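Hello,

Here is the structure for your files. Please have a look, then read my notes below.

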Amino acid sequence: MYRILKKKQIVPNIHLLVIESEVVPRNTRPGEFVVVRVDETGERIPLNVVDWNEKSVSVVFMEVGTSTRKLAALKAGDELATLAGPLGRPTVIPENKSILTVAGCYGIGAIYPVIREFQARHNRVTTIIEGRTEMLLYWPNKLHKYSERLIEITRDGTRGVKGHINDFLPGYLEKNPTDLIYCQGCTYLTYLVSQLTRPLAVKTIVGLNPIMIDATGMCGVCRVIVNNETKFACVDGPEFDGHLVNWENLLSRRHTYLEHERRSLSFLECEKYG
Amino acid sequence: MASKIVPKKTAMREQPAKERVKNFQEVPYGYSEAEAVQEAKRCIMCKNPTCIAGCPVEIDIPGFIKAIAEGDFRGSIRQLKEKNVLPAVCGRVCPQEGQCEKVCVLAKKFEPVAIGRLERFAADWEAEQGEAPVPKRPPTTGKKAAIIGSGPGGLTAAGDLIRLGHDVTIFEALHKPGGVLVYGIPEFRLPKAIVYREVDYMVRSGVRLVLDFIVGKTATIDQLLKDFDALYIGTGAGLPWFMNIPGENLNGVYSANEYLTRSNLMKAYLFPRYDTPIIKGKNVAVVGGGNVAMDCARTALRLGANEVHIVYRRSKTEMPARIEEIHHAEQEGIIFDWLTLPIRYMGDEFNWVKEMECIRMELGEPDASGRRRPVPIKDSNFISPTDVVVCAIGQSPNPLISQTTSDLKVSKWGNIEIDKATMKTSKRACWAGGDVVRGGATVILAMGDARIAARSMDEYFKTGVW
């Protein structure tokens, strides 16, 4: 069992968990993830590691289905049934490049350790965080610390630039020569950014989040098509060149269990929480 | 003497096929004490028994059977456990017909002694008596062994080493111990309670078990070697193969590993009580002809499929599955499409598999495996409806360890290379065995490898000579 040291709702529906572990942090590098299972009947789900020290790892997640709802209901002192990791390949960190990082949703947490490493290796980092409205943006100061420039975008204009990433990104790239774009967030955001940067031929690395079970390469549920080849996101990824990803396949595979997820959630609400 | 021999094995009662396809409970019930004694008495106690050599872990087969024949069940299980740490498992899943029972002297004229059923009986009898007492630990040698993977090989190596007084730690990547016995083999063939009982016995014997620890990631082999004197790598064959045909990434197409892991390890058959879902197809196609394919097909039936097909490119004779498994599958109504090869899967507008195209095959000249090579028959293509496909065509070793251990020699298929006499790898203080060396093989061969390795590790601990 793995003790929760801290639990906090950062913004509506997005939570931070700090989990006690001396073993997992030892080898953790930016871009890697852990698998957690809340309780004995729980699923195994992958979550990006957003920070770690000698005694703990931290994850940020969005509350959407049964597993994340159960996770969100935990409090400090509670225990997780499973914590395993680090998993996946770490982010490839270039040196002395001009990098634009784009993040939304739980991806805002996920980019934190990566931009920290980008900066440590003398890259010039600009970070864009985006959300529907002001109260969905978080960690601006933490992220700004490792970015030369932080740009906030909200669709309703309540903070920073008003609009959507697709209104902003092409113009930005025109004015600011960029060697690499690094994007974390929901599949829609990573897809959208990849579509926007493809015609501009700016290399774009995206963190993907397909369904996983063991996350050690054993089951193959996380397979994604990259450059017309089948890859396992858990051991070959989860970061890939966004211009080479078959997005249609990824999106449909992510929706495999939509109906089950609905059923599972109503079961949870009725049976477990009355 | 020979005239008194009962020609046939004592039958084992089992759940009727009609009933069992609706549940995940074990199919055969096992022998009663009277049945076991009756069967044990069929053994003629050869002076020079051939059966022992047929067993990869060298169980004293006539010895444990004699004890059963005399009603000394405790003596029987004691003898078994001297050589086999997992008798309840092997009694159920070993391919005895190709090993001990194949070389049983009786088999020349009659049915062989039902060695597997008797092994199972002795182990189950012990379990019914309550918690099995653990043997006294010998004085510790102070040598530390790490076992990577808690499957049948890892458990065997751990059992052998702890008995010799070494300090043993097992590292398991998943959240339950047992490896393939837990994620792969279904409940109706091997109840998980049996595996956990055996693991518990191991832990009570002094073995340390660390779950959720992925060697290669959580710690590398080199990091472990700082804390341990020797390592045994028994990580199995956990990388599923696909056929690389169009449509394999459609929704509803599973690898056997995924399908079985969902159902067995994650208990998706109990969804929504358990959170992990599984698609319950109406018309399921399982591609492949081994035991894993049989397990997937029979799982699909129990999940409620109307029709389950085994699609296999060779004929029944070439099927690698155990005869008993094929029989069980046939009894349960699995449809066998022999000499049939899938060539593509077609999806609907939402990317869900809805049809598969296959081609008929015929058998040509023997290939490298000695089996006749299947050759496509021109223009024999046909399309059939399907809503779940399970690809059970084999797997290769998981690369997490080999990728992170530079001086560990592996073949181009990713199998770890070893010296067969000792199971030593190319890396000092590292041994390996089972599927990570062999590719997809059997539980008992993995156990045999582990036994050889444990012996060699013990010698290394004593002499320090690599």
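**Findings**

Buried residues make up 53% of the 466 residues in chain B. Keep in mind that this is a predicted model.

Chain B holds 16 helices and 16 strands. Its C-alpha trace spans about 65 × 60 × 50 Å along the principal axes. The radius of gyration of chain B is 23 Å, which agrees with the value near 23 Å for a compact globule of 466 residues. Take the contacts in chain B with a separation of 6 or more: 69% of them join residues 24 or more positions apart.

Next, the contact between the chains. Chain A gives 37 residues and chain B gives 33 residues. On the side of chain A that touches chain B, the elements giving two or more residues include helix 2 (66-72), strand 7 (82-87) and helix 9 (258-272) of chain A. Strand 7 of chain A has the largest share, six residues. That side of chain A divides into 15 nonpolar, 16 polar and six charged residues.

One helix pair in chain B is worth a look. Helix 2 (residues 33-40) of chain B packs on helix 6 (residues 115-128) of chain B at an angle of about 140 degrees. Their axes are 10 Å apart. The two helices are therefore oblique to each other. The crossing of helix 2 of chain B past helix 6 of chain B is left-handed.

Which residues meet there, in helix 2 and helix 6 of chain B? From helix 2 come B:A36, B:E39 and B:A40; from helix 6 come B:R117, B:L118 and B:F121. This contact has four nonpolar residues, no polar ones and two charged ones.

Best wishes

Technical notes. Residues numbered from 1 in each chain as written. Chains lettered and ligands numbered in written order. Predicted model: local features only at pLDDT ≥ 70, side-chain atom pairs only at ≥ 80, totals over all residues. Helix = DSSP H or I, 4+ residues; strand = E, 2+ residues; numbered from the N terminus. Rg over C-alpha atoms; globule rule 2.2 N^0.38 Å. Buried ≥ 20, exposed ≤ 12 C-beta atoms within 10 Å, placed from the backbone. Contact = placed C-beta atoms within 7 Å. Nonpolar A, V, L, I, M, F, W, Y, C, P; charged D, E, K, R; others polar. Axes fitted to C-alpha atoms, helices over the stretch in contact; angles between N-to-C directions. Parallel < 35°, antiparallel > 145°, perpendicular 65-115°, else oblique. Left-handed = near helix turned anticlockwise from the far one by under 90°.
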